[in-house]
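Open your viewer and get ready to click. This tour tells you what to select next and what you will find there.

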Amino acid sequence: MLRWLRSEKARRFLILCGTCVCMGVHAEPFAFVPNMEDSTVSVIDLASDSVVKTLAVGERPIGVTVANDGSKAYVASLVGRSVSVIDGRNLDVLITKPLDISPKSIAVNSTQSRLYVAGRRVPVSQTQFGNEPAVLLVLEANTLALLAEVPLENTGGSNVAVSPDDSQVWVTQGSYAVAVVDTARNAVSQVITVQAGDLSPLTFGADPRVAYVAGSSNLIAVDVSSGLPKFQNTHMMAGRGSSGVALSADGERAYLAREGLGLDVYGLDDQKRVSFVRTGEHPSGVAVHPDGSRIYVVNETEDSVAVVDAKTLAVVNTIRVGKQPVGRGRFIQPPKPGAAVAAVASVVSVRKPWIWNIALGVIALLAVFLVLRVFRSR
């Protein structure tokens with residue numbers, strides 16, 4: 001054994017181990033932010049809060065969703081009339097599939113077997129929506145093969161969310177209704193009327209019995225544990241509508257991207273506003289870091305993503321991305337149920353994560369160097 005450890009193979013093996021440790025510091029998770037004007041996706045390494053790659057996709061990407069395990073990201077391109085699948089590990093576009101609709105939103109189920117794409121059948125030469133038929137496409141998540149089509153009302157297709165048990169897909173329709181699609185039958189089972197107005201984002205949280213729909217003045221919590229939905233209004237301050245909603249992993253807070261403001265934070269237990277954070281004039285999406293420590297707000301007109309500390313609710317970083325970024329959907333791997341904010345939240349670890357990356361890399365290389373010195377001296 002000692003002879004092998006002194007061999008050239010052992011030295012190469014130890015060097016490789018040290019390299020892997022260094023590379024591991026910069027591994028996933030990532031954020032995938034579509035840039036409409038550039039027709040690209042900015043890939044953000046959440047360890048360093050920096051853009052590490054820019055990928056070309058279809059024209060004017062608008063919808064995005066990331067698998068629960070972060071292994072893939074799916075991007076829907078409005079004008080390009082296509083869906084692109086991105087490898088969440090190698091950060092390459094695996095496939096781009098043309099569609100016969102102009103997609104506006106996209107969601108993937110928990111088993112990563114089905115992809116749900118909502119949009120309208122707009123003629124290729126047409127660039128704006130009118131009263132064209134709306135539809136929800138059901139695709140096989142890996143090959144993007146078409147499995148089913150679910151007709152929607154003409155006002156449907158703006159936002160899509162899949163229930164945690166994969167039994168339902170919710171699609172917003174206009175300003176006051178949500179279509180609930182039964183995934184076993186691939187058909188609309190009911191239409192829920194919600195008095196929110198200007199419906200935009202919707203999501204499911206850690207509790208599978210509750211869905212959340214955001215409107216112009218309310219965040220509606222919908223109890224879906226029984227056949228008849230029950231509503232509970234979380235009233236918000238006066239202001240314009242929401243363009244994104246995300247929940248903390250513990251289910252205690254809701255983070256909303258609010259027009260003219262930035263980030264609005266609400267407690268879901270007491271239904272009171274906790275705070276607000278000015279991130280940009282026209283935020284277009286919000287997501288939470290998988291460990292719950294940071295909140296990411298996409299700023300459409302500022303061409304940036306604001307990073308907000310979940311404890312202090314202060315902007316700790318601003319990441320420059322492409323032109324006209326839009327975070328319609330889940331652009332970050334979701335937090336695991338029960339995940340808590342990291343215990344260590346020092347200024348260095350939050351504001352300068354790259355310092356820790358460099359430090360860990362140096363330590364790993366020093367360890368390899370010392371081991372090699374020991375064996376050479378024997």
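A salt bridge is a side-chain nitrogen of Lys or Arg within 4 Å of a carboxyl oxygen of Asp or Glu. Side chains of opposite charge can pair when their charged atoms come close.

Before you click, two notes. This is a predicted model, where local features need pLDDT of at least 70, side-chain atom pairs count only at pLDDT 80 or more, and totals for chains, interfaces and linings use all residues. Residues are numbered from 1 along each chain as its sequence is written, and side-chain values use heavy atoms, with hydrogens and water left out.

**Stop 1: salt bridges**

How many salt bridges does the structure hold? There are seven.

Select D92 and K53. Their side chains form a salt bridge, 2.9 Å from N to O. D92 sits in the loop between strand 6 (82-87) and strand 7 (93-98), while K53 is in strand 3 (residues 50-56), so the pair ties together parts 39 residues apart in sequence. Strands are DSSP runs (E, at least two residues), numbered from the N terminus.

Now check accessibility. Buried means under 20% relative accessible area, exposed over 50%, and partly exposed in between (1.4 Å probe, protein chains only). D92 is partly exposed at 37%. K53 is partly exposed too, at 30%.

Next, select E149 and R121. The closest N and O atoms of this salt bridge are 2.7 Å apart. E149 belongs to strand 11 (residues 146-152) and R121 to the loop between strand 9 (114-120) and strand 10 (134-140), so this pair ties together parts 28 residues apart in sequence. E149 is partly exposed at 34%, and R121 is partly exposed at 30%.

Then pick D264 and R258. Their salt bridge has its closest N and O atoms 2.8 Å apart. Are these two residues buried or exposed? Both D264 and R258 are buried.

**Stop 2**

Find the open sheet of four strands, in the order 8-9-10-11, with antiparallel pairing. Two strands pair if DSSP finds at least two bridges between them. At the edges are strand 8 (102-108) and strand 11, each pairing on one side only.

Zoom in on strands 8 and 9. They pair in the antiparallel sense over six bridges. Click A107: its bridge partner in strand 9 is Y116.

**Stop 3: an aromatic pair**

Rings of Phe, Tyr and Trp (its six-membered ring) pair if their centres lie within 6.5 Å; planes under 30 degrees apart count as stacked, over 60 as edge-to-face and the rest as tilted. By this rule there is one aromatic pair. Select W170 and F204: they are edge-to-face, 5.5 Å centre to centre, with 80° between the planes. W170 is in strand 13 (residues 168-173) and F204 in strand 16 (residues 202-204), 34 residues apart. W170 is buried at 2% relative accessible area. F204 is buried at 13%.

**Stop 4: a buried serine**

Last, select S77 in strand 5 (residues 72-77). S77 is buried, with a relative accessible area of 0%. What does the side chain of S77 reach? It reaches the backbone oxygen of G58 at 3.2 Å. Now show the contacts of S77 (contact means heavy atoms within 4.5 Å). Leaving aside neighbours within four places in sequence, S77 touches V57, G58, E59, R60, P61, S82 and P103.

Key. Polar contact = N/O pair within 3.5 Å; in protein donor to acceptor, adjacent residues only side chain to side chain.
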